[in-house]
Amino acid sequence: PQEPPPPLACLAGLYSCQWRRYQRAKTPPGAFCCSKVECSCLLVLVAAFWLSLVLLYFWSKAQNDYINFDWNFYSGKWIPWSMVVLVVVTAVFTYIALLLVLAICLLSESQRLYLHWCHKIGIFLVLIFSVVSIGVLFNQWAEEWTTFILSFQVTAPYLHIGGSVAMTLLSWTVSLHFARINKPGLRAMLLGPYLAVLLLLYLLPLSLYSPCIKQQGTLGPRPAIYGHRGAPMLAPENTLMSFEKSIEMGTDGL
């Protein structure tokens, strides 16, 4: 087969860990992008990407419980295990995201996918790690999922914009392979999920709700404000000056 350009050959080598010419072949017209095994691995890669993203998002939002998490592993020497977990989860997500980007770039150039067995083992391990970690966190910190949902509602508009941009970038790859595939069944398998996600993104703004935006008539009563040790940001704590400053600021009590 014709040798691909050096950048494309580099991407294929990083994805498949195979650098020989005959192992980098283009998809012939009318054929699917990869074999059934490679297609299954691609689906597992996508699942691992989303699960690791959820795990990373949840762990980054659980910062208030990092100290409690570290205390569970305290054995005479303080080690910030929560930060270790954050670094590991970030590294795992970055690895999966890079593999997914490589796969999309290769598909956009009509290259057949040959994922190396090391990467196949890696994505399966990441998938298992993400599922187990999310399950453990759900059992241990069930109350934190409320915070997770609230933070998701706040960031939903930005996530919607990011999803729209990602689907726009994928449109070229999807349309290219849709035009090259001759079998109606494979065309439906390719175009169906893409259109379903587009429809979801189109209808999603109708259900977006942010707890930060409310009508004035739906607001609850004003919370009582107490000056803890006076007004420590304006005067020394537990001093007469601090108490006077707290009263001047209109607090309800001390």
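How many aromatic pairs does a search of the whole structure find? The search turns up 2 aromatic pairs, and we'll get to one of them below. Keep in mind that this is a predicted model. The chain has 8 helices and 0 strands, and 33% of its 254 residues count as buried.

**Overall layout**
- Reading along the sequence, you get the pattern α-α-α-α-α-α-α-α.
- UniProt, in an unreviewed entry, puts the feature "transmembrane region" at residues 41-59, 79-105, 117-138, 158-179 and 191-209.
- Take residues 41-59: this span is 100% helix and 0% strand, and its end C-alpha atoms sit 26 Å apart.
- For residues 79-105, the end C-alpha atoms are 40 Å apart, with the span at 93% helix and 0% strand.

**Aromatic residues**
- Phe-49 and Trp-50 make an edge-to-face aromatic pair, with 5.4 Å from centre to centre and 75° between the planes.
- Is Phe-49 buried or exposed? Phe-49 counts as buried because its relative accessibility is 16%, and the cut-off for buried is under 20%.

**How H2 meets H5**
- The crossing of H2 and H5 is left-handed.
- Which kinds of residues make up the contact of H2 with H5? They divide into 19 nonpolar, 3 polar and 2 charged.

**The nonpolar core**
- The largest nonpolar core holds 35 residues.
- Inside this core, the residues with the most contacts are Tyr-15, Leu-45, Trp-59, Ile-96, Ile-123 and Trp-141.
- Two or more core residues come from each of helix H1 (6-16), H2, helix H3 (66-71), helix H4 (81-108) and H5.
- H4 gives the largest share of this core, at 12 residues.

**A closer look at His-119**
- His-119 sits in helix H5.
- With a relative accessibility of 13%, His-119 falls under the 20% cut-off and therefore counts as buried.
- How far apart are the C-alpha atoms of His-119 and Leu-99? They are 8.5 Å apart in space, while the two residues are 20 apart in sequence.

- As background, most residues other than glycine have a negative phi.
- Arg-229 is a residue other than glycine with a positive phi, near 60°.
- You'll find Arg-229 in the loop between helix H7 (184-203) and helix H8 (240-248).
- Its relative accessible area is 41%, so Arg-229 counts as partly exposed.
- Asn-238, another residue other than glycine, has a positive phi near 55°.
- Asn-238 also lies in the loop between H7 and H8.
- Is Asn-238 buried or exposed? Asn-238 is exposed, because its relative accessible area is 52% and the cut-off for exposed is over 50%.

Note on methods. Residues are numbered from 1 along each chain as its sequence is written. This is a predicted model: local features need pLDDT of at least 70, side-chain atom pairs count only at pLDDT 80 or more; totals for chains, interfaces and linings use all residues. Side-chain values use heavy atoms; hydrogens and water are left out. UniProt positions are given in the numbering used here, feature names are shortened, and annotations may be inferred rather than shown by experiment. Helices (H or I, at least four residues) and strands (E, at least two) are DSSP runs, numbered from the N terminus. Rings of Phe, Tyr and Trp (its six-membered ring) pair if their centres lie within 6.5 Å; planes under 30 degrees apart count as stacked, over 60 as edge-to-face and the rest as tilted. Buried means under 20% relative accessible area, exposed over 50%, partly exposed in between (1.4 Å probe, protein chains only). A crossing is left-handed if the near helix is turned anticlockwise from the far one by less than a right angle, and right-handed if clockwise. Ala, Val, Leu, Ile, Met, Phe, Trp, Tyr, Cys and Pro count as nonpolar, Asp, Glu, Lys and Arg as charged, and the others, Gly among them, as polar. A nonpolar core is a set of buried Ala, Val, Leu, Ile, Met, Phe, Trp, Tyr and Cys residues joined through side-chain atoms within 4.5 Å.
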